[in-house]
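Me: I'm new to this one and would like to learn how to read it. Could you walk me through a few features, one at a time?

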Amino acid sequence: MSRNKPDHQINGMGGLMAYVFGLSGIINILALTGAFYMLQIYDRALASGSISTLVALSALAIGLYLFQGIFDILRSQILVRLGARLDERLAPLAHKVVIDMPRYGYSTAEATERGRDVDTLRGFLASPGLIALFDLPFMPIYLVFVWLLHPMLGLLTIGGAVVLGLLTLATELLTRRHAKEMLRSAVLRNAVIDSNARNSDIMHSMGITGRAIDRFERANRRHLETQTKTSDISGTFAGLSKVLRMMLQSAILGLGAYLTIKGELSAGSIIASSIVTARALAPVDQAIAQWKGMVAARRSHARLKETLAVITDDDGLLALPAPQESLTVEAITTVAPHTGAVLLSDVSFELKAGQALALIGPSGGGKTTLVRSLLGIWPTLRGAVRVDGADLKQWPASFFSEHVGYLPQDVALMDGTISDNICRFTDTPEPRSIIRAARQAGIHELIVRLPNGYQTELGPNGMSLSAGQRQRIALARALYGDPFLIVLDEPNSNLDSEGEEALMLAITKVRARGGIVVIVAHRPSALQPVDMVGVMQNGKLVAFGPKEDVIKPPAPQLVRQMPERVVAAE
């Protein structure tokens, strides 16, 4: 499946849509069967008193009704499958955006809302609202039919169609603003739900649960208010539309009776005009009733096009040789994705194969931002991060899955088995590589003592394990496959002495095989296996070089820049 043109995934259904539109034309022509049947019954069969004519007309009408039903079922099934195909094509792309949005500063709730756009669009494709839109262009067929019966009936029907059209326009104008507010309030409410769910332990232990519920209640009340306003408008106009349509049908009957009395219309034409008028105005009535869904589908369609347009395609990137030489940072500047604040300014350094760098400095100095920039999690505003001379943008996605290992500061394991997490959910895991990574992280013995060993289900976020166990499994995940570049953000924050010893040994082995390690360090013990040290302060790399030159002996000015724990250790 090609993913290089996301917008084409939405617009590439034109052929099927044209086919459905053609089916709708046939269905709407066949919908005149009832009118023609009543016209012929009253004006021919009853007038002649011929049973054979009645039987022939009835048999023909039944056949036409059957064809209409078959085409209607066919149209419905095509639209359902069209929605399923669209979902199959777009859902993985949309989910990729859902995964990427939080690292650009968006809330989890807002990201999830983008993912629901595919569901909204798929649901609309199988809804009566879309069928009403397909039927609307064929209203002139019915208007012409009624006009041919009598011009006054045609004028009355056209007038009713115009009034209903104005109601549709009013519905659109009045619901547009409220629909946007409803979406914003829904995102806010979902953000509160997500925050409360993620912090349940804190809220329970510190007595915040009641206030959290109050906070949700306020957000939910706001959402209900906007939803009620939108529904009131749609419901009001839907009710008006229904009443006007019934009044128009009665008016058609009354006018038809008047014209019949005047000798300008036959009795069969009265029934036929009533049937056709009802059919002509039904799509408008249905569209107004389904307007809320139409607005949601249109908004989802526009947002999907906008969202999927930012997906970068790496299918055309040339497969570069496996990295084995260097990591170069060239004057990079990074800003916070959501606020635009400069977090990292003009940072440059180079590491060769077999080197390990420890990044130290005060909290908020830019260490984690630098780590995120090295891995492309946060794109750089200026400068470049190069691996073996090639910018990160030149490396395909397989580079990160095969040659990069990352242990974040906030350890998060995915819902799956220990084995799945260590091998990064690869389709063809290598048992030997999984066990080797676990041994390097010093977690193998603990895993095999579990009842299900490596097949132990971790559950959401791996909460069944201790913080130290989760960190060591995450370390094994970073080491899996012997990646060239390993980035560890405070890897020993939850480790005991045994875990720290395994960590130091793992870093030493990575260096011995020619890999590069970057560590964000707060504990002095993390400096033991490294040969390079960088000091981050206020978003700048204020010192960089061999460990013995940067830390020992500490110059007075450098002492003020370095963390107290590191200086004390020296």
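Predicted model: local features only at pLDDT ≥ 70, side-chain atom pairs only at ≥ 80, totals over all residues.

Me: Which ring does Phe-145 pair with, and how are the two planes set?

Reply: Look at the distance between centres and the angle between planes. Phe-145 pairs with Phe-36 at 5.1 Å centre to centre, with 75 degrees between the planes, which makes the pair edge-to-face.

Me: How many aromatic pairs does the structure hold?

Reply: There are six. Another one joins Phe-399 and Phe-400: their ring centres are 5.0 Å apart and their planes stand at 75 degrees, so this pair is edge-to-face. Phe-399 is at 1% relative accessibility and so counts as buried, whereas Phe-400, with a relative accessible area of 29%, is partly exposed. Ring pairs also tie Trp-395 into a cluster with Phe-399 and Phe-400.

Me: What sits over the ring of Trp-378?

Reply: A charge can sit over a ring too, and here that is the charged end of Arg-372, 4.7 Å from the centre of the Trp-378 ring.

Me: Now a helix. Which residues of helix 16 are buried?

Reply: With a helix, see which way the buried residues point. In helix 16 (residues 431-440), the buried ones are Ser-433, Ile-434, Ala-437, Ala-438 and Gln-440. Those five lie on the same side of helix 16, because they cover an arc of only 160 degrees around the axis. On the face turned away from that buried side you'll find the exposed residues Pro-431 and Arg-432.

Me: How do I read the empty spaces?

Reply: Rolling a probe the size of a water molecule over the atoms shows where empty space is left. Here there is one cavity of 30 Å³ or more, and the largest cavity holds about 30 Å³ of space. Its lining is made of Ala-94, Val-97, Arg-114, Asp-117, Arg-303, Leu-304, Thr-307 and Leu-308. Helix 4 (51-100), helix 5 and helix 12 each give two or more residues to this lining, and helix 12 has the largest share, with four. By type, the lining residues are four nonpolar, one polar and three charged.

Me: What is the volume of the second largest pocket, and which residues are closest to its centre?

Reply: The second largest pocket has a volume of about 300 Å³. It is lined by 20 residues, and the closest to its centre are Glu-113, Met-182, Leu-183, Ala-296 and Arg-299. Helix 5 (108-125), helix 8 (151-198), helix 10 (209-261) and helix 12 (291-308) each supply at least two lining residues. Helix 8 gives the most, seven residues. The lining of this pocket splits into six nonpolar, seven polar and seven charged residues.

Notes: Residues numbered from 1 in each chain as written. Heavy atoms only, no water. 1 Å grid on protein atoms, 1.4 Å probe; cavity = no way out; pocket = protein on both sides within 12 Å on 5 of 7 lines; lining within 4 Å. Points joined across faces, edges and corners; volume = space filled by probe spheres on them. Nonpolar A, V, L, I, M, F, W, Y, C, P; charged D, E, K, R; others polar. Phe/Tyr/Trp six-rings, centres within 6.5 Å; stacked < 30°, edge-to-face > 60°. Buried < 20%, exposed > 50% of the residue type's maximum accessible area, 1.4 Å probe, protein only. Lys NZ or Arg CZ within 6 Å of the ring centre and 35° of its normal. Arc of directions from axis to C-beta.
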